[in-house]
Amino acid sequence: MDLLLQQKVVLVTGASQGLGKAVATLFAKEGATVFISSRSKEKLEQAKQAIIEETNHHEIYVIPCDMSDAAQIEQLVDTVVNQAGTIDVLINNAGGPPAGKFLDMTDDIWMKSVEQNLLSVVRATRHVLPHMQKQQAGRIVNITSSSIKQSIDNLIVSNTLRPGVYGLTKSLAQEFADENILVNTVGPGKIGTDRMTQLLENTAETTGKSFAEVEAEALKEIPLGRLGTPEEFATAVVFLASFANTYITGQQLIVDGASIKAL
Ligand SMILES: NC(=O)c1ccc[n+]([C@@H]2O[C@H](COP(=O)([O-])OP(=O)(O)OC[C@H]3O[C@@H](n4cnc5c(N)ncnc54)[C@H](OP(=O)(O)O)[C@@H]3O)[C@@H](O)[C@H]2O)c1
């Protein structure tokens, strides 16, 4: 299938490693012009080199941006548009909120998480939309979590904020459908990245179990019997964000090896 992404301008935030990097790599394989962004310029440069080596595609550009900072997000979008003329595809992603239960969370943690995981999506989308409207076409995919479908133990902040991003996705899809701007959210279940290792380590610490024990228990919850790979996750994101997708919008897709039981 031709995903119709050749030379399309794609911005992937939170893309120096993990899911964002895997998504950016797949866009590069499809011939898109890919802008990758995260807080660390050094990590971004390493990711860029790795993507070029893997894909032999050189249209990869690096722009540092902390997605919890409103001014940096505006500048990020302006820089992409100044360089590439427009943005066809926006992938909203950033680091996850801290693990913990309700009484662990201070106002400071809540506010930082709202900035990083909810307002980041609002702000990036707000700045990108006028460019998509100008060309009457665009695709936005918000990377969230399986917590949009079923709450996850010890992740109260994710359980609270991620469903908000799905609500935003639904409303944006309806408001901008007549301008051919399609908006979806993809929620990872348990995908093998640094973030997943940190979460398993955190569970090991709080329960007093060994890492191996915690990992084995996590795998038992996944009917496919293993963690997903970032590449498997990226396949779902890139299809929904492609111009081969012409009718799926306002949806959530959970990539979880059948672990979520909620309908
Ligand atoms: N992996 C999973 O199974 C899983 C499950 C559920 C939800 N998720 C969510 O999916 C997202 C990606 O997960 P991941 O596993 O790829 O995580 P990861 O391996 O920790 O990577 C996070 C990426 O986001 C960047 N980042 C962190 N904070 C940022 C910020 N404030 N502004 C801009 N970039 C930022 C990091 O780069 P810098 O350090 O350079 O900024 C890095 O590139 C996270 O929100 C995570 O909570 C993942």
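Modeller: The largest cavity has a volume of about 80 Å³. Here a cavity is a set of points, on a 1 Å grid over the protein atoms alone, where a 1.4 Å probe fits but cannot get out. Grid points are joined across faces, edges and corners, and the volume is the space filled by probe spheres set on them. By this rule there is 1 cavity of 30 Å³ or more. Its lining has 14 residues, with Asn92, Asn117, Ser120, Val121 and Ile143 closest to the centre; a lining residue has an atom within 4 Å of a point. Helix H4 (107–135), strand E5 (138–143) and helix H5 (156–176) each give two or more residues to that lining. H4 has the largest share, with 4 residues. Helices (H or I, at least four residues) and strands (E, at least two) are DSSP runs, numbered from the N terminus. By class, the lining holds 5 nonpolar, 8 polar and 1 charged residues.

Two notes on the basis. This is a predicted model, so local features need pLDDT of at least 70 and side-chain atom pairs pLDDT 80 or more, while totals for chains, interfaces and linings use all residues. Residues are numbered from 1 along each chain as its sequence is written, and side-chain values use heavy atoms, without hydrogens or water.

Now the open space. A pocket is an open set with protein on both sides within 12 Å along at least five of seven lines. The second largest pocket has a volume of about 160 Å³. H1 gives the most to its lining, with 6 residues. Helix H8 (230–240) also supplies at least two. Charged residues number 4 in this lining, beside 3 nonpolar and 3 polar.

Next, the ligand. Its shell has 30 residues, and Ser38, Lys43, Ala94, Ile191 and Thr193 come nearest; a shell residue has a heavy atom within 4 Å. Lys43 has an N or O atom 2.7 Å from a ligand oxygen. For Arg162 the distance to a ligand oxygen is 2.8 Å. For Gln17 it is 2.9 Å. The protein covers 95% of the 890 Å² of accessible area that the ligand has on its own, by the Shrake-Rupley method with a 1.4 Å probe. H6 gives the most to the shell, with 3 residues. Domain 1 (9–189 + 229–255) and domain 2 (193–227) both contribute to the shell, so the ligand lies between them.

Notes. A polar contact is a pair of N or O atoms within 3.5 Å; within protein, one must be able to donate a hydrogen and the other to accept it, and residues adjacent in sequence count only if both atoms are side-chain atoms. Domain bounds come from an automatic or database domain assignment. Ala, Val, Leu, Ile, Met, Phe, Trp, Tyr, Cys and Pro count as nonpolar, Asp, Glu, Lys and Arg as charged, and the others, Gly among them, as polar.
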